[in-house]
Amino acid sequence: HRCLYALKVGWRVCWAKAEEEDEQRHMAFLSHDISMLRLFETFLENTPQLTLLLYIILRTNKAELSQGLGMGTAFLCVSWSLLDYHQSLRSFLQDKYELSPGSSVIYFLWNLLLICPRILAVALFALLWPYGVAVHFLLVWLAMFLWVSLQGTDFMESAGPEQLYRAMVAVILYFSWFNVAQGRTLHRSIIYHGFMLVDSALLGLAWLWGRAPEEERSYLVPVVSAALPCYLLGLGLRATYYKWLHPKARVRQEGRYDEVDANGGGDGVEFRSFLEPELVNRRMQRLAQTHFSLSQPAQQHTLNGAAA
């Protein structure tokens, strides 16, 4: 219903006059809301279903064409939701460089290369210990929930919904990186990816150790062997993206430049202001302030995420 309503508003915006900015800000508000909800839906519903589908294919040792196409499409949709979410966050920056096509492709690819080995490792572990996956998920989820809580998130207005938000983020972290704290993310990212690399490797080694040598799925051995290089390639693309391809958001002020992900000691990034506070998507704005460094006021722009 929310997506259909956004399409209805977008249709009105397409035929509206240029000076009718209220409808444009309303459309941007809905776009940001849908982007955030799509990300939660992807990791709370689609990604577990994708893992189950891969488990069924591996268990039955056969796949129909529709299953293969559905699984491939699901992997692409997961990476696309991460890219769309990142682009939506960037639209809250006051002065920014948009993601170029090359940067978007690299961002899409490194998320795909990191998520595929993770889902494969979980599905392989489920082949031998189906109930063990539930125990594994619960333990990792508790660790991620504790980690998110220690970072002190402040997303919801009250304590109860905030705990629910942290629980959802912990589910996302079971499969993929999700930043919830302000400041530079280098050290937190190293800790997270190091943990996930070790955890996924242990799941894959457990399958190699527990499988029957004479089983028909011997083709999975080279697939599992290729999962580690795939994950390392994803980490390499991620490092390449943030080193050379990540568009730095800069504001020229007194001869200096402000950069995205700058340390708190220097000038940071100014976020967009809004003409009408009721049209601000405050949750997405707060997530953008978490993902990027907040700064002292510079210039003022008045569009609610024009990139949307």
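Ser 189 sits in helix 7, where helices are DSSP runs of H or I with at least four residues, numbered from the N terminus. A word on the source: this is a predicted model, so local features need pLDDT of at least 70 and side-chain atom pairs count only at pLDDT 80 or more, while totals for chains, interfaces and linings use all residues. Residues are numbered from 1 along each chain as its sequence is written, and side-chain values use heavy atoms, with hydrogens and water left out.

Is Ser 189 buried or exposed? Its relative accessible area is 6%, so Ser 189 is buried, the cut-off being under 20% with a 1.4 Å probe and protein chains only. Its side chain makes a polar contact of 2.7 Å with the side chain of Arg 238; the term covers N or O pairs within 3.5 Å, one able to donate a hydrogen and the other to accept it. Leaving aside residues up to four places away in sequence, Ser 189 touches Trp 177 and Arg 238, with heavy atoms within 4.5 Å.

Trp 177 also lines the second largest cavity. A cavity is a set of points on a 1 Å grid where a 1.4 Å probe fits but cannot get out, and lining residues have an atom within 4 Å of a point. The count is 2 cavities of 30 Å³ or more. Helix 4 (101-128) and helix 7 (186-210) each give two or more residues to its lining, and helix 4 has the largest share, 5 residues.

Methods
1 Å grid on protein atoms, 1.4 Å probe; cavity = no way out; pocket = protein on both sides within 12 Å on 5 of 7 lines; lining within 4 Å. Points joined across faces, edges and corners; volume = space filled by probe spheres on them. Buried < 20%, exposed > 50% of the residue type's maximum accessible area, 1.4 Å probe, protein only.
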